[in-house]
Amino acid sequence: MAQSSESANAGSAFNGAPQKKRNVAVITGITGQDGSYLAEFLLAKGYEVHGIMRRSSSFNTGRIEHLYQNPQTHTEGNMKLHYGDLTDSTCLVKIINEVKPTEIYNLGAQSHVKISFDLAEYTANVDGVGTLRLLDAIKTCGLTNSVKFYQASTSELYGKVQEIPQKETTPFYPRSPYGAAKLYAYWIVVNFREAYNMFAVNGILFNHESPRRGSNFVTRKISRAVAKIHLGQLESFSLGNLDSKRDWGHAKDYVEAMWVMLQQEEPEDFVISTGEVHSVREFVEKAFKHVGKTIVWEGKDENEVGRCQATGVVHVRVDPKFFRPTEVDYLQGDCSKAFQRLGWKAKVTFEVRVTLLSNALSLAG
């Protein structure tokens, strides 16, 4: 019966009947912020999505549970999950050979910059060599000519910035084990592209946030703390460098850019950013404004505090334990190439991003 069906399909193809394009994506880091939005985006476009997730003793699928065909029973439907790890080349070969994807998005990483100083070797293994393992798995499975590969690169490559704003041709100067590991990943992608004519691209994404951002990242930490203060559950919280300036976008915008990069005729690397720069200090002020509080700053350096103008209560403190050993002070992306070649531009403004984060009061508890 199966043989007859296959013969019929072959006959249809021979007779010129239109064949549906096979869109199958593998996403590493599918349970993360970007992975969850990307899975959502691709499923809406009719893709079959395969996610690689690490084994955990606790459930770590909170960001993607709404994408199950039946969330109550974890029936997967067009989204299928595989246990795997970027430190295990055998499992990567097995998954890629079984799935035979048309697109691979490598979003898996130890992505916390400060923590990368404490977990330097692990960060290098996952973020740097893990990318090599994936590319090698594609080659081992004989799919170099059929798979399109997206690498989640980062503005942390620029580190001690050599040019403002930063664009695709700006020299790299990473300032953390995370940045250094991602630099290796960037160049090994370029190497495989040139050595094996593989469609492999780097998306140099500047900071991007959302209500799905992990709570130990600064924007989510601020929004959750402000929500708790507003609800009377917390009086103050601590931050590191208040004057650090970043180009903040929204993750939902940025995963669309990832997909667009893989729909091009030729592989190219792109900076993805908003072109706007805001400090951590400004983010704090905007978040408090959203709940009707004005913050005034007193003191200097480690002794600086942020008080509520109306009550005088200290809500923000500076704690040196959150400082990086080598700081990245200013990141601003020039995404003009992405606009010209891809037609991509960030849609969500800074004001809306702060509002979206601050509105997630239900996550404060």
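**Core, sheets and loops**

Modeller: The largest nonpolar core has 36 residues, and Ile27, Leu42, Tyr105, Tyr150 and Ile272 touch the most other members. Helix α8 (residues 251-262) gives the most to this core, with nine residues.

Colleague: What makes this set a nonpolar core?

Modeller: A nonpolar core is a set of buried Ala, Val, Leu, Ile, Met, Phe, Trp, Tyr and Cys residues, joined through side-chain atoms within 4.5 Å. Buried means under 20% relative accessible area, exposed over 50%, and partly exposed in between, with a 1.4 Å probe and protein chains only. A second, separate core of 24 residues includes Val126, Cys141, Leu143 and Ile188. In soluble globular proteins, nonpolar side chains tend to be buried together.

Colleague: What are the ground rules?

Modeller: This is a predicted model, in which local features need pLDDT of at least 70, side-chain atom pairs count only at pLDDT 80 or more, and totals for chains, interfaces and linings use all residues. Residues are numbered from 1 along each chain as its sequence is written, and side-chain values use heavy atoms, leaving out hydrogens and water.

Colleague: Which residues does Ile272 contact, leaving aside its neighbours within four places in sequence?

Modeller: They are Ile204, Leu205, Phe206, Tyr254, Ala257, Met261, Ala338 and Trp344. Contact means heavy atoms within 4.5 Å. Across the chain, residues 24 or more positions apart account for 75% of the contacts with a separation of 6 or more.

Colleague: How many helices and strands does the chain have?

Modeller: There are 11 helices and 15 strands. Both are DSSP runs, numbered from the N terminus: helices are H or I with at least four residues, strands are E with at least two. Buried residues make up 49% of the 365 residues in the chain.

Colleague: How do you know that β1 and β4 pair?

Modeller: Two strands pair if DSSP finds at least two bridges between them. Strand β1 (residues 24-28) and β4 have four bridges, in the parallel sense, so they meet that rule. Ile27 has Tyr105 of β4 as its bridge partner. β4 also pairs with β5, again parallel over four bridges. There, Lys148 of β5 is the bridge partner of Glu103.

Colleague: Which way do the residues of β4 (residues 103-106) point?

Modeller: Glu103 and Tyr105 point one way, Ile104 and Asn106 the other way, and all are buried.

Colleague: What makes β8 and β13 edge strands?

Modeller: They belong to an open sheet of four strands with the order β8-β15-β14-β13 and mixed pairing. β8 (237-239) and β13 (295-298) each have a single partner strand, so one side of each lacks a neighbour in the sheet. Neighbouring strands here are turned by 25 degrees against each other on average, direction ignored. Axes are lines fitted to C-alpha atoms, for helices over the stretch in contact, and angles run from 0 to 180 degrees between N-to-C directions.

Colleague: What packs on this sheet?

Modeller: Helix α9 (residues 280-290) does, touching β8, β13 and β15. Its direction makes about 145 degrees with that of β13. Helix α7 (residues 218-230) lies across β8 and β15, at about 160 degrees to β8.

Colleague: How do you know that the length of α6 agrees with expectation?

Modeller: Expected span is 1.5 Å times one less than the number of residues. With 20 residues, α6 (residues 177-196) should span 28 Å, and its end C-alpha atoms are 28 Å apart, so the two agree. Its buried residues, among them Tyr178, Ile188 and Phe192, pack against α4, α5, β5 and β6.

Colleague: Why is Asn197 called exposed?

Modeller: Its relative accessible area is 64%, so it falls in the exposed class. Asn197 lies in the loop between α6 and β6 and has a positive phi of about 55 degrees, although it is not a glycine. Asp301 also counts as exposed, at 64% relative accessibility. Its phi is near 50 degrees, in the loop between β13 and β14. Most residues other than glycine have a negative phi, and most peptide bonds are trans. A cis bond joins Ile164 and Pro165, with omega about -10 degrees.

Colleague: Why is Arg341 called partly exposed?

Modeller: Its relative accessibility is 47%, so it takes the middle class. Arg341 lies in helix α10 (residues 336-342).

Colleague: What makes the Arg341 and Glu268 pair a polar contact?

Modeller: A polar contact is a pair of N or O atoms within 3.5 Å; within protein, one must be able to donate a hydrogen and the other to accept it, and residues adjacent in sequence count only if both atoms are side-chain atoms. The side chains of Arg341 and Glu268 meet at 2.4 Å, so the pair passes the distance cut-off.
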